[in-house]
Amino acid sequence: MLQPGLIQLLTASDLADLRIDAIPKLQVGFRPGSFFSSFRSQDGEAKLTFIPQQILLNKDHELFEDGDIHRHLYLQNLSTCPAHDSPTARQCEFRCYISGCSQVFSTVEDYEHHYNTLHRHVCSSCQRSLPSARLLDIHIQEWHDSLFSILAERQDMVANIHAHKRMCTHTHYVAHSGLDLDQSMHTVSHSLFPPPPKYQCLVEGCGSKFRTREQRKDHVIKIHKYPSDFMFDKVKRIKNIKIAKNNMLQKGTSMEVSMSVSEPEGVCEVLSDQPEEEEYMEINHSLEPGILDPASNPINTVELSTDHDTAPILSVTIQPTTNQQRPQHNRERHSYRVPRTVCFGQGSVQGFRGHGRRI
Amino acid sequence: MWRLNAVRHKAGRQGSDLEEFKFKRREHEKELRRARKDSQLVSKRLLLNDDEEEDGTMDTLASDQVVELFNIVRHGRDLVKKEADLRALRKALRSPSAHLILIKQPNSIAILVTNLCGPNPQCRLEAARCLHELSHSPHSEVDSLRLRQATPYLITFLSGQSPKFTELCLYTLGNMCPDSENVRDMLLAQGIIPALNNCIQIHRTNLAVVEAVGFTLSQLISANYVTERIIPAVLASGLIPRLLSVLTPDSQFGLGPVIECAWCLHYLACSNVDNGALVAQGTLLHCTSLLVTLGVAVAKGSIEEGIELLIWPLLRCVGNLLLSGPLGALQPQLNDSRLLAALCAFPQAFLQTHPALARESVWVLNNLTAAADSSVFCSALFYLNLVPALIQLLPFSHGINIMVLRVLGNIAHQGREYCLHLAQAGLLPALCATLKMADTEVVTFSLEVLGQLMASDPQLAEEFVKQSGLPVLEAIQYSNQETIRLRATHLLEHHLLPHCPVDTSASQ
């Protein structure tokens, strides 16, 4: 219970060393200028106001309550009961101070885990929380960097065009069957079109970069042996306007305010600990051949495979994913849910990501 | 427990099983807290008599039987028989209902008083016991004013030589003191204070009487509205040295009397009427010596049951007396540095059983470290390596961590050397934890102490950053509590960001 140092101090037999006036006094005072300058802000208003104060307590002070009660229980012969009901010292609780969170924890480890999970490495655009700074950077670059998006989009368009043309030796550009490969024009186009963005490998230290998400995904699965159902980045979805508005009202977060709001999903984003109960459908509005990874996150998503020759089927009803800033116990339920196998309507998806048109 | 078998309160008289007892105790405690909030916290004590130890049951007599007994006493002329008659009456008065019956009889008190002063010592004793029972009555009709006929005699008998009789008189008077201001004025006028002084002098070797004097005095001075006349009278009476002599560390008296005297000193000190006089008579010296002795006992592990009842008033007395003058002037009475060790040992020892005592112990440290000339005590805390023990108290609520933060803030305020020593003792990581606590006041104090540390030396700011303190402060900036938001922002702007070339916005 008592620390050994304290015990030794109190039970020491040599009293001469224990006189206060024999103890060397530390030097008092601060470096000139260091004390006052920081305590007053520019306008002279004191931000830090603590000053040492002796405290006199009169007999009725609330600080004395427990002691008085104990005294009177003794006087009234009720203090001999061995089982105490008197208050015992509690460890302080910890609280998350992020406004809107206010969760309380009994240990600092729990609090830190919560903070590191939900409030660190948070993307300020979409409020997603990423596991590390590096993944946050990748996320921002791939989803919120407009230049990246434009370049990626252009790359898709160019790739689409390329598919019908003869291959350029430089970039495997395929020239159109009906046109000669105009190398000079094409080369110029390379200077007009900056090199396509590179999708970085997710594994730290690898450094590989890829032209497409799929290529990166394949790399990560094949080389780094990630499971095929790892939380790969998912295509942006287009939301129903109604739900988008609902979300904005309910959450009050700053979502992109556009007619149809797309909610990007991050790279290896952290989802909440609770299983995803909402279901939604995704759109494949990439015009690349092939199917978006159907195995990614089977709980959450069902992609509709599309053949890009036909207009892709568009689903409209999207459930929001968790907004990481919401308290975990307060998950919002949206009434508008769509079962997996239903799809509504058709339409084509055009335009740049993030600025989707009205469906 | 010492003496507890002899001195009881009626509530404890009925022997019940443990659960019922605990339940009663809890209920009682709630009542006491309510009473305290209304400034009506009062206790009375009942002295058990020897022949009542065997007598487990209380016979509640019918009212006419009580009247009958009284009439026998009233009319009886045979002194030998009278003693038995009085005894019978006294036993009947064990039952509270008999009190009401008795006081309704004409001249009942006068009859008892007559016997109190009568020639037969045994009759005096029995009469005193009857009055004692009445003084302890739960009925409000049986109040001290009813008994006022007896008080001049009771006070006079305090200077007598018979310990048992004196003890009875003392407890009777002690039970009467809290009843009303009028009663206290009356007792004062009748000379209770010189009588107490005399009594404790005469019976200074008798622990039961000394305890009774202490109890009666504490009842007198802990009541409301006593600062104008009663306390000055006590201070001037010469009682203080006698009380202090009971506090000698090697007292043979057992804890009972020491406890009562300590509570008296506490009530005197916290009234703040003339604490200089208290100090001049050696109160601070005696109290601190006894605290050191108790600290040594605690360190050795010999924590006697009920010792907290003694530590409590001593802490309060010392804590308040520290404001009686400049600390430098008081230093000769505070020269034993083991006092600081004891003040750090009590929280460790009593944290789980009596957290309020831990808090008050740290409060005394606050008063030692907050004065203008506290540097010697602050230095001593480092020299004796006591700061880590304080830092270990920071996780605990109940006001403990706030008081500890005050002490640490006081130390930091002394100067740069002190701040550096605090950092060496491990304060910065501890502050990183307290900054995350739910209690806003704790966070505010933590920010203040942290600000002080960083203002004293830039290397402490760097150290704080190394302890991953920056994200903690940044998180506080998002709180909805303005006090901590402003302080956190201030610290970041003035002390931390100039040191950090790294972009910290990614953490948000």
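Predicted model: local features only at pLDDT ≥ 70, side-chain atom pairs only at ≥ 80, totals over all residues.
Student: How do you know which way helix 10 and helix 11 of chain B run relative to each other?

Tutor: Take the crossing angle. The axes of helix 10 (residues 192-202) and helix 11 (residues 207-221) of chain B cross at roughly 160°. Angles over 145 degrees count as roughly antiparallel. Therefore helix 10 of chain B is roughly antiparallel to helix 11 of chain B. Their axes come within 10 Å, and the crossing is left-handed.

Student: Which residues of helix 10 of chain B meet helix 11 of chain B?

Tutor: B:Ile192, B:Ile193, B:Leu196, B:Cys199 and B:Ile200 do. Their partners in helix 11 of chain B include B:Val213, B:Thr216 and B:Leu220. The residues of this contact divide into 10 nonpolar, one polar and no charged.

Student: Why is B:Leu207 called partly exposed?

Tutor: Its relative accessible area is 32%. Buried means under 20% and exposed means over 50%. The value for B:Leu207 lies in between, so B:Leu207 is partly exposed. B:Leu207 lies in helix 11 of chain B. From B:Arg36, B:Leu207 is 171 residues away in sequence and 30 Å away in space, C-alpha to C-alpha.

Student: What makes A:Trp143 buried or exposed?

Tutor: The cut-off for buried is under 20% relative accessible area. A:Trp143 has 4%, so A:Trp143 is buried. A:Trp143 belongs to helix 5 (residues 133-144) of chain A. A:Cys126 is 17 residues from A:Trp143 along the chain, and their C-alpha atoms are separated by 9.4 Å.

Student: Which residues touch the most other members of the largest nonpolar core?

Tutor: B:Phe346, B:Leu453 and B:Leu473, in a core of 210 residues. Helix 14 (residues 255-271) of chain B gives the most to this core, with 11 residues. A second, separate core has seven residues, among them A:Cys123, A:Cys126, A:Ile138 and A:Leu202.

Student: What does B:Leu453 touch, not counting residues up to four places away in sequence?

Tutor: Its contacts include B:Ala412, B:Cys419, B:Leu422 and B:Leu460. B:Leu427, B:Leu428 and B:Leu431 are also among them.

Student: How many of the residues of chain B count as buried?

Tutor: Of its 508 residues, 62%. Chain B has 29 helices and two strands. Its C-alpha trace spans about 105 × 45 × 40 Å along the principal axes. Consider contacts in chain B between residues at least 6 apart in sequence: 75% join residues at least 24 apart.

Note on methods: Residues numbered from 1 in each chain as written. Chains lettered and ligands numbered in written order. Heavy atoms only, no water. Axes fitted to C-alpha atoms, helices over the stretch in contact; angles between N-to-C directions. Helix = DSSP H or I, 4+ residues; strand = E, 2+ residues; numbered from the N terminus. Parallel < 35°, antiparallel > 145°, perpendicular 65-115°, else oblique. Left-handed = near helix turned anticlockwise from the far one by under 90°. Contact = heavy atoms within 4.5 Å. Nonpolar A, V, L, I, M, F, W, Y, C, P; charged D, E, K, R; others polar. Buried < 20%, exposed > 50% of the residue type's maximum accessible area, 1.4 Å probe, protein only. Core = buried A, V, L, I, M, F, W, Y, C linked by side-chain atoms within 4.5 Å.
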